[in-house]
Each structure stands twice: as C-alpha cells, then as structure tokens.
Amino acid sequence: MCLRVFAATICSCVFCLLFGLALGATVALAAPVPGQPAISALEVSIATAISPIQADLLDAALERARRDRNDMVLLILDTPGGSIDVMRRMVKSMLASPLPIVVWVAPSGARAASAGVFLVAAATVATMAPQTTIGSASPVGPGGGDLKDTMNAKIRNDLKSLLRGLVTRNDRNVDWYMRSISKAANLDALEAAQSRVIDFVAMDRTDLFAQLGKRGLTMANGVTTHFTAADVRVHTYETGLRHGILSWLIDPQIAYILLLLGLAGIYFELTTPGAILPGVIGSLSLLLALYALSVLPTNTAGLLLLLLGAVFFVLELFITSFGLLGLAGLASFLFGSLLLFRGDGLGGLPLGLVLPTVLGLAALLGFMGYLVTKTQLRRPASGMAALLGQTATVRHWQGTSGKVFINGELWQARSAKPLALAPGQTVVVTGRDDMTLEVEGDSALPAA
C-alpha cells in the first residue's frame, strides 16, 4: 500500500514537472523576446511628381513588405500631383494590399496636392507633419489650362466618385474631399486633423508610431494591435539603380537640359559634317529627352517652339537675315522653355534655369555659326585650291611647258602661250588640269 502511494506521488511529481516545463516553453514561445521589436514597418518615400516610375516603386515596395512579412507600410509623401491614370494605378495597389498602409505627408513644408490627395484618402491611416498642406485636386488639361465644360464635368464626376468611395471607407470628411475637387480647396495639417480630413498630426516618426500604437492598428490578420513607438522596427526600402536612373531622367529640369543638348548636338553635326562626336552625343541626349517627355506632362506647343528655334538657327547659316533669324530662334527657345511643362502638378520650369540655359545655348549656337561661316569664307589652306594665285619658281621651261617648284613640291606646268623663262624666274598659278598646273608668266616676256 505504501509502495503504491509512493509510486503515485512520484508520478504526480514527474507529471507536474513535465507540465510546468511544457507550459513554460509555451509561454516563452508566445511572449516576445526582451528587446525584440513586436512590429515591423517598411518605409518608402515618394518626394516628386506622380509618374509611372513612382507607381513601379510603390508596387515593388508593397511586394517587398509582403514577402518580408512586414506588419505595415509607411509611405512618406511629398508630391505636387501627377497623372490621373498613374494615380489610379497606385490607389488600386494600395487597396489590394493586405498590409495596412500609413501615409505620412512629411517633412514640414511638404504637400499632398492633386493626385496626392487620392493617395492620402486611400491610406489605412492618414497623417501629416506640421506645416504641411493637402488639397487642390481639381483636374486640369495637359497644358495646365481649364478643361472644356463637358470633359471637365465628366472627369470631375469620375474623380469625385473614386474619392467618395475612398473617404467613406476610412470614415473621413467627405464634404471637404469633394470641395478639393470642385473648389480646389486646401488645408494645412492642423486644419486637416480638426476637420477629419486626416487622422492626426505627427511631429516625427516616434510621435507617429506612438499615436498609431495608442489608437491601435488593424493588421493583415484582422486583429487590432496596440503598441508603443519602442516596439516598432523600421526598415527603409532602398531603391535600385534602375529606379534611381529613371527617376533622375524624368526630372523636368534634367529632361529639359537633355533636350537642348540634343538639339545643340544635332545642329553642330549638321553644320560640320564628319565631326561624329557631337552627333552621337546629341542623338543619345535627344532620345533620352524624348523618353522623359513621353512620361512627363509635356505641352506640345512648348516642344514645337523649341524645335522651331533650332530650325531658325540652322536657317541663319544659309540665309542673310542680319541676325533676325537668330533673334527669332532665341525668342522661340525662351517661350518654348517657359511653356514646356504645364499641368499634372508641374508649374513650369523656373526662370533661374530657363534664362541662363537659353542664353548659354544661344551663345554656343552663335559661336558655332561664327566658326562655320569663318571656315566657309576662309581660303583653303591645303589641296589644289590652295595653290591658286600663289607664286611658283621655274626649275625648267621650254615653250609652253616645264616644271615649277611650289610649297616644297615639284609640279608639271604649262602656259597658254610660249614663255621665255629661265630657271629661278617665277610664274603665277591660275588653274590646274588634273595634275598639271596652269601658269602665267610673272614679269616674263613671251617668246619671239
């Protein structure tokens, strides 16, 4: 009896020990490791006009966040707007993402204008830094002007429908978002938070994650999670070389400089055939510029004015206009540059870039034209044409033919009539026939 009681006691102790170890292991697995962040966020930044390059960037970042099992995506936004079609593509990507997307308009001085309003509206959580703005979502034409009545009504109603669905989904101020389209309304960060256009104002990342964790964030599994700023581990999405090059290329100022460089290179190649290098550089620059212009909201009138200016400079070489064609080309370059980019959030190129570039290009093209004209007017320095009018020394002469020495070379020569010339006397070259020079006597008397 005592043996059975002792055995039962031992078994109970072993069972309790094993249960305690198993429970401890389960708790250890379930509890976070001390110092190990509980929330993982992927940070991606868009700080330029909305274009297909930025849409590709967002798609790649969302895919990376999903593949790396991040808990959220933090999109830092600063944009003047961009293409409506590209904006729709980005909104669809955001809505299709299983991960919550936090859009933060930052840093101070940033804006979410035009197409940027829709990205803020599509965010799971929308926040702004102090001294930032949001608004001006009214559509404009490709040239920056107003749309015609029917087209304007169609586009506005279409955008209002999209924006209303996004705002209603996140329980924000529908009326203001509608006014941002119909009245181009704007708000600063504090006004936006007070009007429920955004969820809150965040001073910095720490403040953002602190407020976000206190409010709670619904994760991909549908569970609302609360956390502190110290619990968040932020990974920055590093853009690749391809995105960096394409982003640099579609910068309006870079595209503009490439376009002018291409026109200058082609102009130099046309005026000095055979130079090769200017033509190669000009062709490459022009093709890269045309790619950028196909992505950017380019004003056709501005582009045509730039091409017309190049034509005027070429015509100046062949038509005596006393500089009028050159002045017309300079004016075309100036106005074409000012009108080249309008609409989709781009307000045109700054005068600080346009004036020095146009004046510098005009000086360069004028200098090229001067060199070409000088070359065409200058007497040839080599070849047969360079011998005309020069004086040759007679080495041997008889009747109408003989040999003469000129420029270190001995030539066969002949005259139209017999000349009495002795070695050492001189004749003047008047022409040539194949490899024979035609000469006239210089102070020499005709033969009797």
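## Report on a predicted model

In this predicted model, residues 444-448 keep a pLDDT under 50, and the model has 10 contacts beyond four places in sequence for them. For the protein chain, the mean pLDDT is 81, and 81% of its residues reach 70 or more. Residues 1-36 have a pLDDT below 50, and this stretch has one contact in the model beyond near neighbours in sequence.

**Backbone features in loops**

Most residues other than glycine have a negative phi, and most peptide bonds are trans.

The peptide bond that joins Ala106 and Pro107 is cis, with omega at about 0 degrees. Pro107 belongs to the loop between strand 3 (101-105) and strand 4 (111-113).

Arg69 is not a glycine, yet its phi is positive, near 60 degrees. Ser136, likewise not a glycine, has a positive phi of about 60 degrees. The table sets out where these two residues lie and how accessible they are.

| Residue | Loop between | Relative accessible area |
|---|---|---|
| Arg69 | helix 2 (52-67) and strand 2 (72-77) | 74% |
| Ser136 | strand 6 (133-135) and helix 5 (149-169) | 28% |

Because its relative accessible area of 74% is over 50%, Arg69 counts as exposed. Ser136, at 28%, falls between 20% and 50% and therefore counts as partly exposed.

**The contact of helix 10 with helix 12**

Two packed helices are described by the angle between their axes and the distance between the axes. For helix 10 (residues 252-271) and helix 12 (residues 300-318), the axes come within 11 Å and cross at roughly 25 degrees. Angles under 35 degrees count as roughly parallel, so helix 10 is roughly parallel to helix 12. The crossing in which helix 10 passes helix 12 is right-handed.

Which residues of helix 10 meet helix 12? On the side of helix 10 they are Leu259, Leu260, Leu263, Tyr267 and Thr271. Their partners in helix 12 are Leu303, Leu306, Leu307, Ala310, Phe313, Val314 and Leu317.

Note on methods: Residues are numbered from 1 along each chain as its sequence is written. This is a predicted model: local features need pLDDT of at least 70, side-chain atom pairs count only at pLDDT 80 or more; totals for chains, interfaces and linings use all residues. Side-chain values use heavy atoms; hydrogens and water are left out. Helices (H or I, at least four residues) and strands (E, at least two) are DSSP runs, numbered from the N terminus. Buried means under 20% relative accessible area, exposed over 50%, partly exposed in between (1.4 Å probe, protein chains only). Axes are lines fitted to C-alpha atoms, for helices over the stretch in contact, and angles run from 0 to 180 degrees between N-to-C directions. Angles under 35 degrees count as roughly parallel, over 145 as roughly antiparallel, 65 to 115 as roughly perpendicular and the rest as oblique. A crossing is left-handed if the near helix is turned anticlockwise from the far one by less than a right angle, and right-handed if clockwise. Contact means heavy atoms within 4.5 Å. pLDDT is the predictor's confidence in each residue, from 0 to 100.
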